[in-house]
Amino acid sequence: MGAFQENRLEADWLSCDEALARILAHARPMAATSVAVSRALGRCVSEPVRARATLPAWRNSAMDGFAVRSGDLEGFRDGAMRLPVAGESYPGAVPLAGVPEGAAVRVMTGGPVPDGFDSVIRVEHTDGEVEPGVVVIRRSDDVGKHIRAAGKDMRAGDVTVSAGTVVHSGSLPVLLASGCDPVAVYRRPRVGVLSSGDELVGIDRFDRVAAGRGVPDTNRAMMAAAVVEAGAVPVDLGVAADSPGALLEKLDSVGDIDVLVTTGGASMGDRDLLKRVLLRLGFELEFWRARVRPGSPVSFGHLPGEGTSLPVFGLPGNPASAFVTFHVLVAPYLRARLGSSRPRGTTVEARTDTALSSPAGVTQFYRVRLSGNVGEEASGEAAAPEPAGRPGVLRCSLTGPQGSGLVRSLRDADGLAVVPEGVARVEQGEPVSVMLLPGR
């Protein structure tokens with residue numbers, strides 16, 4: 001744990017993996033609650049959901065056509081066979097019973113197929129009902145086809161949605177088909193977002209930025225958006241001035257939040273006061289500084305309160321550094337608090353269009369755009385030749401200059417290309433792991 005030492009905080013310099021492991025060790029899911037499925041989007045299911053019914057309930061047709069018994073077509077010859085039509089079957093109905101031998105049943109897609117029927121002749125392979133109650137079948141290659149089994153989607157009692165599953169446009173219909181509404185989900189954490197720095201200027205005073213006398217206040221809105229993308233609820237705590245009194249006032253009035261994310265004041269300059277002020281309040285520092293770039297002066301700990309403690313992330317003030325450290329370290333924590341079964345997110349492999357390097361002993365993150373277009377040029381360099389037999393492989397290219405104080409490189413970033421600690425260089429055309437960013 002970091003500590004005061006000759007008026008300085010002793011840096012821990014954890015690896016990226018060590019820092020994330022320490023953070024996730026403190027990530028307990030929020031309390032469970034029950035909400036309507038329509039209000040559960042983006043939240044994680046807190047207990048397994050079981051199907052209350054078998055779907056489909058009956059064997060049913062995969063096509064519009066005529067259900068038949070294959071044995072009734074054994075005499076098919078000369079390109080035509082006439083069969084009497086004994087009834088109709090539509091989705092939501094029960095299967096017809098007592099259909100006589102040698103008769104067909106007109107079925108719509110999803111309509112139940114009577115017992116003993118093993119084929120659906122597509123309507124386009126017939127002349128339809130050429131006269132009331134008679135169908136002319138023109139082809140027999142549908143024999144034994146186009147019937148879906150009962151329970152193929154789910155059976156009563158099956159677990160259809162596991163705990164930790166995010167409710168999205170794909171899992172929502174499964175919840176409803178399972179007969180689950182409302183659904184038990186984890187509560188969303190409320191995340192306070194606080195920036196510090198006398199230099200920060202809001203849009204209402206942008207003339208100061210134009211005059212070179214201020215820095216645009218971008219971090220709070222960026223962090224709030226990232227909190228939403230992670231599934232949590234942002235709480236804007238404003239900007240604190242670079243003075244111990246102003247910081248103490250802000251920290252005393254954070255209100256009802258579950259997590260605090262700060263940007264700025266994370267290093268050891270004369271005006272980097274945040275950790276010093278937190279420590280005066282009894283802050284329990286888990287670590288300060290990690291071997292990541294950009295964003296090494298990142299910290300994590302807990303601020304004691306009445307019967308609880310508030311998790312606090314201290315992120316750097318440079319926008320790209322704050323962006324990277326949030327997605328690499330804070331977002332997995334929030335997803336774990338939401339109960340996600342995949343808090344670390346999703347990574348893919350892509351071949352880099354530009355050589356990527358990393359200083360010794362550091363995990364380097366590059367903002368990259370992804371493309372599946374082989375041979376596309378990136379960053380002024382021609383893409384490396386594609387390996388034989390692997391057309392269409394995913395590629396990544398830099399979004400622009402990668403300085404930690406620059407924001408335009410964030411706009412087109414689909415993910416963060418990772419050059420892990422111990423890897424000095426990834427050559428052009430070689431594979432690299434890319435951590436996908438949400439919403440891209």
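This is a short tour of a predicted model, with stops to select one after another.

**Stop 1: confidence**

Colour the chain by pLDDT. The mean for the protein is 89. Of its residues, 92% reach 70 or more. Now select residues 1-8. Here pLDDT stays under 50. The model still has 16 contacts for this stretch beyond four places in sequence. Next, select residues 373-389. The pLDDT is below 50 here as well. This stretch has 32 contacts in the model beyond near neighbours in sequence.

**Stop 2: a buried strand residue**

Select Val-135. It sits in strand β11, residues 134-137. Is Val-135 buried or exposed? Its relative accessibility is 0%, so Val-135 counts as buried. Show what surrounds it. Leaving aside neighbours within four places in sequence, Val-135 is in contact with Phe-66, Met-81, Arg-82, Leu-83, Val-85, Ala-104, Thr-126, Gly-128 and Glu-129.

**Stop 3: a buried loop residue**

Move to Gly-295. Where does Gly-295 lie? Look in the loop between β21 (292-293) and β22 (299-304). Gly-295 has 6% relative accessibility, so it counts as buried. Residues up to four places away in sequence aside, Gly-295 touches Pro-316, Ser-321 and Thr-325.

Gly-295 and Ser-404 are 109 residues apart in sequence. Their C-alpha atoms are 7.9 Å apart in space.

**Stop 4: salt bridges**

Side chains of opposite charge can pair when their charged atoms come close. How many salt bridges does the model have? The count comes to 14. Visit three of them.

- Select Arg-139 and Asp-141. They form a salt bridge, with the closest N and O atoms 2.6 Å apart. Arg-139 is at 41% relative accessibility, so it counts as partly exposed. Asp-141 is at 35%, so it also counts as partly exposed.
- Select Glu-427 and Arg-425. Their side chains meet in a salt bridge at 2.9 Å, N to O. Glu-427 is partly exposed, with a relative accessible area of 35%. Arg-425 is partly exposed too, at 45%.
- Select Arg-220 and Asp-217. Their side chains meet at 2.6 Å, N to O, in a salt bridge. Asp-217 has a relative accessible area of 17%, so it is buried, the cut-off being under 20%.

Asp-217, Arg-220 and Asp-236 are linked in a network of salt bridges.

**Stop 5: the largest pocket**

Rolling a probe the size of a water molecule over the atoms shows where empty space is left. Go to the largest pocket. Its volume is about 600 Å³. To find the place, select Val-166, Glu-229, Arg-335, Gly-345 and Pro-438. Of the 26 lining residues, these lie nearest the centre of the pocket.

Now show the secondary structure. Three elements each supply at least two residues of this lining: α4 (219-229), α7 (319-337) and β30 (431-436). Which element gives the largest share of the lining? It is α7, with three residues.

Colour the lining by residue class. There are 10 nonpolar, 11 polar and five charged residues.

**Stop 6: the largest cavity**

One last space remains on the tour. How many cavities of 30 Å³ or more does a search of the whole structure find? It finds one. About 30 Å³ of space lies in the largest cavity.

Select the residues that line it: Thr-262, Leu-274, Lys-275, Leu-278, Phe-283, Ser-299, Val-312 and Gly-314. The elements that give two or more residues to this lining are α6 (274-280) and β23 (309-315). The largest share, three residues, comes from α6. Colour by class once more. The cavity lining has four nonpolar, three polar and one charged residues.

How values were computed
Residues numbered from 1 in each chain as written. Predicted model: local features only at pLDDT ≥ 70, side-chain atom pairs only at ≥ 80, totals over all residues. Heavy atoms only, no water. Salt bridge = Lys/Arg side-chain N within 4 Å of Asp/Glu carboxyl O. Buried < 20%, exposed > 50% of the residue type's maximum accessible area, 1.4 Å probe, protein only. 1 Å grid on protein atoms, 1.4 Å probe; cavity = no way out; pocket = protein on both sides within 12 Å on 5 of 7 lines; lining within 4 Å. Points joined across faces, edges and corners; volume = space filled by probe spheres on them. Helix = DSSP H or I, 4+ residues; strand = E, 2+ residues; numbered from the N terminus. Nonpolar A, V, L, I, M, F, W, Y, C, P; charged D, E, K, R; others polar. pLDDT = per-residue confidence, 0-100. Contact = heavy atoms within 4.5 Å.
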